[in-house]
Amino acid sequence: MTDEVKVETGLYYTNEHEWAKPSEDIVVIGISDYAQSQLHEIVYVELPKKDAAIAQGEAIGAVESVKAVSDFYSPVTGTVFEVNEALMDSPEKINSDPYGEGWIAKVKPSNWDANVAKLMDAEKYKQHITTLKH
Amino acid sequence: MELRKTHIYQYHAEHGNVIDFGGFAMPVWYEGIIPEHKAVRETCGIFDTSHMGRVYAEGPEVVKFLDYVDTNDIGALIDGKGVYGVMCKPDGGIVDDLIVYRQSAEKFLVVYNAGNRAKDFAWLQKNTKGFKVKLTDVSDKVGMIAIQGPKAAEVLAKIAATDPNAIERFNIAPIKISGFDCLTARTGYTGEDGFEVFILEDPVTAPAKSLKIWNDLVTVGAEPCGLGARDSLRLEAGLWLYGNDIDETTNPIEAGLKWVVKMKKSSYFNGRKALEGIIEKGVSRTLVGITLTERGIPRHGYEVYDGEKKIGVITSGGVAPILNESIALAYLPPEYKEPGKEVQVKIRTNLVKGKIVKHHPFYDESKYGWKRVKA
């Protein structure tokens, strides 16, 4: 196991290890390196539905490894603008590149300022995951 | 509470991703479940099975005793032969599945699930009443390693004093491995050819012999495998996991285990009367195999539907790494047992389409498993 978990700066994180990255008028969302390393071999992703209205904290999909299912909770409120269809055939991209090719969806946020107030920045998230290590 | 350590714990701690498995510190994987699974189907993998229960049953009435607790025909065994079976309660519910090996007319080795060690020993002990038999739990005195896969015999031969190929399926024989006295059985729970090696006189507190054999197996090319692959392999082979597919509320007839219930035995055994009644009346549900025809992964506890109607629950499910399919076992009413029948599995909020398939095993036996023709 690699003990070095990557936390990318400029992203905002949830307690449940989702990330959100504002980029112009949309927010890209996915799961963190810590989350993918805990799940290990990801074999299936249930993507959010395109055009769906979603709320921060709502279960909008799932990421599954051979052994486990992890609900995917939206870090942001808004409308699903695009989903990463490439994950249907290559879910392992979440393992290899959780902050890049492993993105899950792009969302048009409706209240980003209120959402971001409830998320952690990279520094705070780093502290959060060190408390989880045993 | 501190986890119990098995004979191979030192290796797990250094190389594996260790979890709490029924109170034991066990590796769920080393490299990953998928490569470990494939190693067993294609070459050779090894598993620490030292957490399982191992008991000697000895005495002049040991055959009568085992025929009373086990549904299979123990009296039919000859020296050096073992048999898979189940122990039932008087109502036919399954206490556990197990393998019983005959070493001699008055000495048998009984092997059962790790999670049931305390329960099974107490159950066996209670049932010795009236029989001249003595039980000795040697789980902490004897190590146990499973060597599984089409190349298992070839790999084991490299460190064995005599050719393990001489041991036939479900037979057990004494062999020296890495120079140590072992009992070697040609058994396993992956669907593949392979062996289960019992390392004698090797206390769990100082398990030097078991660790040496394990490390020697790794050196000669065996892939260490964790519990994750053990579970995906047994599911792909359509083998029952106690606690999921069978338990005290299920009986061997509905579980597809009628072949281990030997009514031709002349003597009474626990559950016999109840099981005779179930066979006569017919079962209300039966264990079937399902493969999904749409995307999704079926899991333990998910509901199975026929249109609007809930018809059963999945007992084991997951991805089959060799088949690249999602597969599951479920108890459904017997009218759904025919292969090809369409059903749906409720995955979170979606009903995902699937169909009934043969499941013991799920794979093509000409390509995988111990029956395949060796190249």
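Biologist: Looking at chain A, what share of the contacts between residues at least 6 apart in sequence join residues at least 24 apart?

Modeller: In chain A of this predicted model, 64% of those contacts join residues at least 24 apart.

Biologist: And how many helices and strands does chain A have?

Modeller: Chain A has 5 helices and 9 strands.

Biologist: Why is chain A said to be as compact as a globular protein of its length?

Modeller: Look at the radius of gyration: for chain A it is 14 Å, close to the 14 Å from the globule rule for 134 residues, so chain A is as compact as a globular protein of that length. Along the principal axes, its C-alpha atoms fill a box of roughly 40 × 35 × 20 Å. As for burial, 43% of the 134 residues in chain A are buried.

Biologist: Let's zoom in on a pair of strands. How do strands 6 and 7 of chain A run?

Modeller: A general idea before the case: side chains in a regular strand alternate between the two faces of the sheet. Here, strand 6 and strand 7 (residues 69-73) of chain A run antiparallel, joined by 5 bridges. They make a hairpin, with 3 residues between them. For one bridge, find Glu64(A), whose partner in strand 7 is Val69(A).

Biologist: Now the neighbour. How many residues of chain A are in contact with chain B?

Modeller: On the chain A side there are 10, and they contact 12 residues of chain B. Strand 4 (42-46) and strand 6 (59-65) of chain A each supply at least two residues of that side. By type, the chain A residues there divide into 6 nonpolar, 3 charged and 1 polar.

Note on methods:
Residues are numbered from 1 along each chain as its sequence is written. Chains are lettered from A and ligands numbered from 1 in the order in which they are written. This is a predicted model: local features need pLDDT of at least 70, side-chain atom pairs count only at pLDDT 80 or more; totals for chains, interfaces and linings use all residues. Two residues are in contact if their C-beta atoms, placed from the backbone, lie within 7 Å. Helices (H or I, at least four residues) and strands (E, at least two) are DSSP runs, numbered from the N terminus. Ala, Val, Leu, Ile, Met, Phe, Trp, Tyr, Cys and Pro count as nonpolar, Asp, Glu, Lys and Arg as charged, and the others, Gly among them, as polar. The radius of gyration is taken over C-alpha atoms; the globule rule is 2.2 Å times the number of residues to the power 0.38. A residue is buried if 20 or more other C-beta atoms lie within 10 Å of its own, exposed if 12 or fewer, and partly exposed in between; C-beta atoms are placed from the backbone. Two strands pair if DSSP finds at least two bridges between them.
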